[in-house]
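This report describes the packing, pairing and charge contacts of one protein model. Its sequence and structure are shown below.

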Amino acid sequence: MGTSRMTFFSIMATAAVFVAGVLCSPVTMAAKDPVLVGYIGSFDSDSGKSTIRGAEIAIEELNAAGGVLGGRQIKLVKADTREDVTEGIKAYEYLAETAKVDFIISGSIDDVSLSWLPRMAEYRIPTLDTWTSYVGIIDMVVNEYDKYKMYFMNVACDYALATLYVDFGKDILADKMGWKTTVVLQEDTAFGGGVFELVDQMLAPEAGIEIIDHIVYDTNTVDFSPIFSKAVESKPDFIYLISSVRSQVPSSQYVKLQVPAPMTGINVAAFGKDFWDDTGQMGGGTSTLSPIPSVGFDMDDRTKAFVEKYEAKYGSSRPIFPHFNGFNAYYGMYNAFNAAERAGGFAPLDAWVTEMENEDLKIYKDGKLWLRYGFWKPGEIEPRTNREYTHNIKFDITQPLDDGAPSMVVIQWYEDGSTAVVYPEKYANGEFSVPSWIK
């Protein structure tokens, strides 16, 4: 009897130790650890805040739905680049070495992304860019795939952007407005140079519009009056602005100076609803290419629900409406975690990369394919430009647009503060116009 009792208690004690060991084992504890997502980009810019907020809303939804990768919660860790290349390198190093994140989502501008790319290649962390569009980075993925395969860009690159602008130039500016000459005002950035390169190659032969002057300006310029004066002296039919950094300055000064030449192009300040107040409610007549979705863009139910959550959560805090990269961050988080679920996590890297290449999130409106968040795969050739765009978002620059989202749309600000998409035809819900002071 005594021996039996001792045996029973010995067995129970051993079982208790075994159960405790299982509950406290590294494997079980690891399952409870959060998945760490790093944000890299500026904290204070409209574009940076848009990316952060888009990621935050997606994370809240994923966590509320039970978490990811076996019920783990997602935690966001942020690193500020201050839109500076040196700070960008430091920010990536912090996320990799100190925070030890599993995945990075970027709201960086092009030059900053270029600065931290060597660190990304070294640390081998899956990284998604929601703002940068420099085609040179995509070329790096194409040419050195194994080195940069962990990089994805879910905004159409500047080659695709410029191609749509050439179409807009032909169909609207040349054929409808009768404009034949332009002066290009280009910021001195990698983005600006990349866009100008293709516009310079294609605008005259494909749209019949001649570039009669090309003015490159420093992004720290505060007085644009001499620049606008120089542009107007050439007597162009219109001015083409390429501006992604501190775009409020040329935008507001164009309106306040009432420059006597229409201006269109790429104006990042006009991407958000804050633009109206930024220009003293005088931004009517301004038009710009914009990645999608944009202000004035007709939205499907899922995207509309995201905007409603954004407005309810952030209220009147600037930006009051997400820039395109806010949408990219929101849907990009779903892309990344859908891929991670199928791959069993973000490591091993090759498994996640393969599944990310297979991501193809399609969104429909009124029964039509409206938005698409998928990626070009290695070896795929885009037929119009006859080149590869490995790990760039799957844009459509052929006519008609029946393969998903266009690379960009052209949006128009009107003098009553309203906005609309004026090009391409599939997405247009308004007409192109010029400021009332231009006769």
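## Aromatic pairs

Phe306, Tyr310, Tyr314, Phe321, Phe327, Tyr330, Tyr331, Tyr334 and Tyr373 form a cluster held together by ring pairs. Rings of Phe, Tyr and Trp (its six-membered ring) are paired if their centres lie within 6.5 Å, and planes under 30 degrees apart count as stacked, over 60 as edge-to-face and the rest as tilted. The model is predicted: local features need pLDDT of at least 70 and side-chain atom pairs count only at pLDDT 80 or more, whereas totals for chains, interfaces and linings use all residues. Residues are numbered from 1 along each chain as its sequence is written, and side-chain values use heavy atoms, with hydrogens and water left out.

The count comes to 39 aromatic pairs. In one of them, tryptophan 179 and phenylalanine 238 are stacked, at 5.3 Å centre to centre and 25 degrees between the planes. Tryptophan 179 belongs to the loop between helix 8 (158-174) and strand 6 (181-187) and phenylalanine 238 to strand 8, so the pair ties together parts that are 59 residues apart in sequence. Helices (H or I, at least four residues) and strands (E, at least two) are DSSP runs, numbered from the N terminus. Both tryptophan 179 and phenylalanine 238 are buried, a term for under 20% relative accessible area, with exposed meaning over 50% and partly exposed in between (1.4 Å probe, protein chains only). Phenylalanine 337 and phenylalanine 346 are edge-to-face, because their ring centres are 5.3 Å apart and their planes stand at 85 degrees; these two residues are also buried.

## The parallel sheet and its helices

An open sheet with parallel pairing is formed by four strands in the order 7-6-8-9; two strands pair if DSSP finds at least two bridges between them. Strand 7 and strand 9 each have a single partner strand, so one side of each is left without a neighbour in the sheet. From one strand to the next the twist averages 15 degrees. Strand 6 is joined to strand 7 by seven bridges, and glutamate 187 has tyrosine 217 of strand 7 as its bridge partner.

Helix 9 (residues 190-207) lies across strands 6, 7, 8 and 9 and runs at about 160 degrees to strand 6. Axes are lines fitted to C-alpha atoms, for helices over the stretch in contact (heavy atoms within 4.5 Å), and angles run from 0 to 180 degrees between N-to-C directions. In helix 11 (residues 248-257), the buried residues are Pro250, Ser251, Ser252, Gln253, Tyr254 and Val255. They pack against strand 7 (210-217), helix 10 (225-233), strand 8 (238-243), strand 9 (263-267) and helix 12 (275-278).

## Salt bridges

The structure holds 21 salt bridges, each a side-chain nitrogen of Lys or Arg within 4 Å of a carboxyl oxygen of Asp or Glu. Aspartate 46 and arginine 318 form one, with the closest N and O atoms 2.9 Å apart. This pair links helix 3 (residues 46-64) to the loop between helix 13 (301-314) and helix 14 (324-343), 272 residues apart. Aspartate 46 is buried at a relative accessible area of 12%, while arginine 318 is partly exposed at 29%.

Aspartate 403 forms a salt bridge with arginine 372, the closest N and O atoms being 3.0 Å apart. Asp360, Lys362, Arg372 and Asp403 are linked in a salt-bridge network.
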